[in-house]
Amino acid sequence: MIAIPYLTALTTYFSYGLLFAFGQIRDFFRKFSDGWWSPNNLQGYAPICLGLEDFYIRRLYLRIQDCFGRPISSAPDAWFDVVERYSNDNNKTLKRTEKINRCLNLGSYNYLGFAAADEYCTPRVIESLKKYSSSTCSTRVDGGTTVLHNELEECVARFVGKPAAIVFGMGYVTNSAILPVLVGKGSLIISDSLNHNSIVNGARGSGATVRVFQHNTPSHLEEVLREQIAGGQPRTHRPWKKIVVIVEGIYSMEGELCKLPEIIAICKKYKAYTYLDEAHSIGAVGKTGRGVCELLGVDTADVDIMMGTFTKSFGSCGGYIAGSKELIQYLKYTCPAHLYATSISLPAAEQIVSAIRVILGEDGSSRGAQKLARIRENSNFFRSELQKMGFEVLGDNDSPVMPIMLYNPAKIPAFSRECLKQNVAVVTVAFPATPLLLARARICISASHTREDLIKALEVISRVGDFVGIKYFPAEPKKLHQEERMKLE
């Protein structure tokens with residue numbers, strides 16, 4: 001749990017209350033000026049976009065929407081080109097200009113640097129485009145399975161340490177379409193309270209009973225398991241058909257590593273299946289990039305279902321499920337994402353295969369090991385320096401995801417805009433992606449960042465942090481990065 005400073009919580013509540021009050025007053029006068037008794041134009045239809053959600057979008061989000069969805073015009077490497085935008089109607093609409101700003105990229109999931117041109121991957125991707133085209137224009141069960149798809153699935157299974165794997169063209173769908181196939185009515189899903197939205201939607205769509213345990217708290221997971229096993233299914237109290245516990249390897253909004261060994265021990269004790277989402281951990285952590293199982297010393301045989309995406313460490317798109325041969329065969333017969341969706345693009349598939357070969361050193365070089373060592377060094381260096389400055393930083397060591405807490409709604413656009421002015425592009429996250437009080441800036445570190453890049457970013461963030469007022473702890477008295485600069489010189 002995040003211990004919010006009392007004064008910070010108070011001012012944050014006050015800020016949201018002020019925004020809500022003035023928004024309601026403006027809505028009242030807008031309705032009055034439009035004609036209090038004027039008939040609406042819905043003509044019997046229910047309103048599609050009215051309510052608190054619409055109020056939040058109009059009165060809060062639109063004011064700062066220039067901080068989100070910023071278009072870029074280059075590959076998302078360590079540095080990228082951000083297109084400048086402006087608005088003439090108080091941010092209701094944004095228009096692009098011809099001006100391009102070269103910015104340091106601290107927002108992309110390009111953990112190993114494969115999102116930009118690579119000496120090994122890129123030529124093979126181009127060759128696959130010439131050979132296969134950009135799309136199969138078919139589902140996997142019709143004319144959409146090629147030898148490259150089969151090679152990719154074998155490569156993924158070998159990489160994660162499972163007997164078999166199945167791949168999909170979209171990472172989000174990998175969770176939301178798989179869970180309704182694996183569990184249904186009479187089954188129980190126990191999900192971490194901070195699991196990704198794709199897991200939440202997949203669990204809701206499954207028809208299974210869903211229970212939540214406190215984030216990354218094995219003791220509470222055991223309490224929930226004991227209670228649910230003792231009570232059984234609602235109304236009938238019959239035993240559950242199956243129980244699945246769902247966790248993430250690295251939680252994308254917190255940067256925390258899952259307490260996987262303890263969770264697996266509890267699942268074994270109560271005969272529950274373990275479903276591990278490694279979207280942000282596969283390829284990014286572990287000595288050879290094989291994710292949290294390798295990092296935490298967990299045997300992959302103890303994880304029943306392993307899920308991951310190719311959109312982060314591998315610089316591609318899509319996702320995978322890895323498990324037993326029987327499980328994967330069952331999914332190929334029943335999963336709608338396999339039966340009805342167009343198969344993953346061939347150039348994207350080749351990118352994944354080539355990236356895995358580089359990571360494993362099968363390209364004949366040591367670049368993969370160097371990338372893994374660099375992202376670990378970069379992540380731990382950046383996190384420790386932010387903490388020394390006085391920022392409240394979430395997450396664990398070795399995690400490339402590090403949220404900097406902002407809290408107050410006014411500090412969200414201030415931090416984002418001030419960083420952009422100094423050519424550092426950051427991602428800010430607020431409600432509804434996080435709880436109302438827990439707005440943050442989420443920094444993502446890449447192996448493609450040099451030490452000079454990180455030092456520049458730290459200096460900019462430090463200045464902006466002083467300006468915005470988000471250094472909630474006393475900073476160390478030592479001058480920022482003085483030793484690092486001396487080493488570089």
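This short talk describes aromatic contacts and strand pairing in one structure.

Good morning. The structure is a predicted model, in which local features need pLDDT of at least 70 and side-chain atom pairs count only at pLDDT 80 or more, while totals for chains, interfaces and linings use all residues. Residues are numbered from 1 along each chain as its sequence is written, and side-chain values use heavy atoms, with hydrogens and water left out.

I begin with the aromatic rings. A search of the whole structure gives 9 aromatic pairs. Here, rings of Phe, Tyr and Trp (its six-membered ring) pair if their centres lie within 6.5 Å; planes under 30 degrees apart are stacked, over 60 edge-to-face, and the rest tilted. Phe-28 and Phe-29 have ring centres 5.4 Å apart and planes at 80°, so this pair is edge-to-face. Tyr-56 and Phe-431 also form an edge-to-face pair, with 5.4 Å from centre to centre and 75° between the planes. That pair links distant parts of the chain, 375 residues apart: Tyr-56 lies in helix H2 (residues 52-61), and Phe-431 in the loop between strand E12 (427-429) and strand E13 (440-444). Helices (H or I, at least four residues) and strands (E, at least two) are DSSP runs, numbered from the N terminus.

Are these two residues buried or exposed? Buried means under 20% relative accessible area, exposed over 50%, and partly exposed in between, with a 1.4 Å probe and protein chains only. Tyr-56 is buried at 18%, whereas Phe-431 is partly exposed at 37%. Elsewhere, ring pairs join Phe-159, Phe-310, Phe-314 and Tyr-320 into a cluster.

I turn now to the strands. Two strands pair if DSSP finds at least two bridges between them. An open sheet of 3 strands has the order E1-E2-E11, with mixed pairing. Strand E1 (79-86) and strand E11 (424-425) stand at its edges, each with a single partner strand, so one side of each has no neighbour in the sheet. Strand E2 (residues 95-105) pairs with E11 in the parallel sense over 2 bridges.

The last topic is strand E7 (residues 273-277). Of its 5 residues, 4 are buried, so E7 is largely enclosed by the rest of the structure. Strand E6 (residues 243-248) pairs with E7 in the parallel sense over 5 bridges, and Ile-246 has Tyr-275 in E7 as its bridge partner. E7 also pairs with strand E8 (residues 305-309) in the parallel sense, over 3 bridges; there, the bridge partner of Asp-277 is Met-307 in E8.
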